[in-house]
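Dear colleague,

Please find the structure below, handed over for your reading. My notes on what was found in it follow.

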There are 2 protein chains.
Amino acid sequence: MAEDLFKALADPTRRRILDELVERDGQTLFEICGRLVTKYGLGLSRQAISQHLAVLEGAGLVVSRREGRYKFHELNTEPLERIVTRWLRPDAQGETGADSSDWRVR
Amino acid sequence: MAEDLFKALADPTRRRILDELVERDGQTLFEICGRLVTKYGLGLSRQAISQHLAVLEGAGLVVSRREGRYKFHELNTEPLERIVTRWLRPDAQGETGADSSDWRVR
DNA sequence: TTGATAGGCAAGTGGTGACTTGCCTATGGT
DNA sequence: ACCATAGGCAAGTCACCACTTGCCTATCAA
């Protein structure tokens with residue numbers, strides 16, 4: 001749902017992870033950790049990145065595939081298309097761009 | 001900058017406000033309050049909506065124009081285009097889609 | 001089978017953000 | 001001049017989220 005998508009995009013570290021996956025798809029957790037450190041000098045723990053990946057996966061932006069002791073993470077840009085059809089081109093996708101399920105009771 | 005944009009989109013109430021402005025552009029604060037109440041049964045205070053509008057304006061998603069005692073709010077979808085060029089079509093906009101300024105030191 | 005690598009689970013902490021409350025300013029009608 | 005309307009400012013509360021720490025599981029190589 002939309003809530004998960006935008007929450008996932010709200011964190012700059014998660015956006016960087018998406019950038020990394022655009023540049024090189026199918027990386028493991030440790031690869032991503034290493035890249036964030038060397039490219040941006042990020043001193044985040046492995047668990048921090050792992051939790052970020054879980055959030056991205058929950059939003060459908062990342063799909064993971066396990067092979068032996070490795071877990072490869074792949075980008076999925078399909079959820080991002082919904083942002084476009086909601087506000088940029090609301091006439092596409094059969095009229096409504098607003099997702100009626102995008103709501104939470106407080 | 002990107003940080004403000006995604007933070008602005010992270011809240012469901014703010015996304016609803018954008019939906020309202022897509023449907024009818026140039027509304028005042030009280031008009032938006034009324035619409036959110038009648039259409040979604042939202043019991044938010046005027047100040048809450050006012051603060052949301054300030055965040056949206058800080059992100060460049062809303063532009064306001066004052067006329068007498070009225071302040072009209074208009075939608076600006078230009079910042080949303082950058083989301084598309086960053087991950088969906090990174091080859092547009094002269095190569096890089098990643099905004100190097102999208103980073104905060106912790 | 002031991003050790004190293006790749007990853008997961010769970011509880012705790014600090015900071016940030018959404019919302020409220022109370023009071024203040026400004027414009028316009030009568 | 002008065003009052004109602006439209007909006008702003010500032011402080012306080014509360015819940016959530018990012019991150020850490022500590023420990024545990026699984027796969028592979030020697």
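I begin with one residue at the meeting of the chains. Leaving aside neighbours within four places in sequence, A:Ala10 is in contact with A:Arg15, B:Glu3, B:Phe6, B:Lys7 and B:Ala10, contact being defined as heavy atoms within 4.5 Å. A:Ala10 is found in the loop between α1 and α2 (12-23) of chain A. Its relative accessibility is 13%, so A:Ala10 counts as buried; the cut-offs are under 20% relative accessible area for buried, over 50% for exposed and partly exposed in between (1.4 Å probe, protein chains only).

Please note that this is a predicted model, in which local features need pLDDT of at least 70 and side-chain atom pairs count only at pLDDT 80 or more, while totals for chains, interfaces and linings use all residues. Residues are numbered from 1 along each chain as its sequence is written, chains are lettered from A and ligands numbered from 1 in the order in which they are written, and side-chain values use heavy atoms, with hydrogens and water left out.

Chain A as a whole

The secondary structure of chain A consists of five helices and two strands, taken as DSSP runs numbered from the N terminus (helices: H or I, at least four residues; strands: E, at least two). Read from the N terminus, the order of elements in chain A is α-α-α-α-β-β-α. Chain A has 106 residues, of which 42% are buried. Of the contacts in chain A between residues at least 6 apart in sequence, 49% join residues at least 24 apart.

The interface

Between them, chain B and chain A bury about 3,000 Å², with 62% of this on carbon and sulfur atoms; buried area is the accessible area (1.4 Å probe) that two parts lose on being put together, summed over both. Chain B contributes 32 residues to the contact and chain A contributes 33. Four salt bridges are found across the interface of chain B and chain A, the criterion being a side-chain nitrogen of Lys or Arg within 4 Å of a carboxyl oxygen of Asp or Glu. The side chains of B:Glu3 and A:Arg15 form a salt bridge at 2.8 Å, N to O. On the side of chain B that touches chain A, α1, α2 (12-23) and α5 of chain B each supply at least two residues. That side of chain B comprises 16 nonpolar, three polar and 13 charged residues. Here Ala, Val, Leu, Ile, Met, Phe, Trp, Tyr, Cys and Pro count as nonpolar, Asp, Glu, Lys and Arg as charged, and the others, Gly among them, as polar.

Aromatic pairs

Over all chains, a search of the whole structure gives four aromatic pairs. Rings of Phe, Tyr and Trp (its six-membered ring) pair if their centres lie within 6.5 Å; planes under 30 degrees apart count as stacked, over 60 as edge-to-face and the rest as tilted. One of the pairs is A:Phe6 with A:Trp87, tilted, at 5.9 Å centre to centre and 50° between the planes. This pair links distant parts of the chain, since A:Phe6 lies in helix α1 (residues 2-9) and A:Trp87 in helix α5 (residues 78-88) of chain A, 81 residues apart. Both A:Phe6 and A:Trp87 are buried.

A residue in chain B

B:His73 lies in strand β2 (residues 70-75) of chain B. Its relative accessibility is 4%, so B:His73 counts as buried. Not counting residues up to four places away in sequence, B:His73 touches several residues, including B:Leu21, B:Asp25, B:Leu53 and B:Val62.

With kind regards
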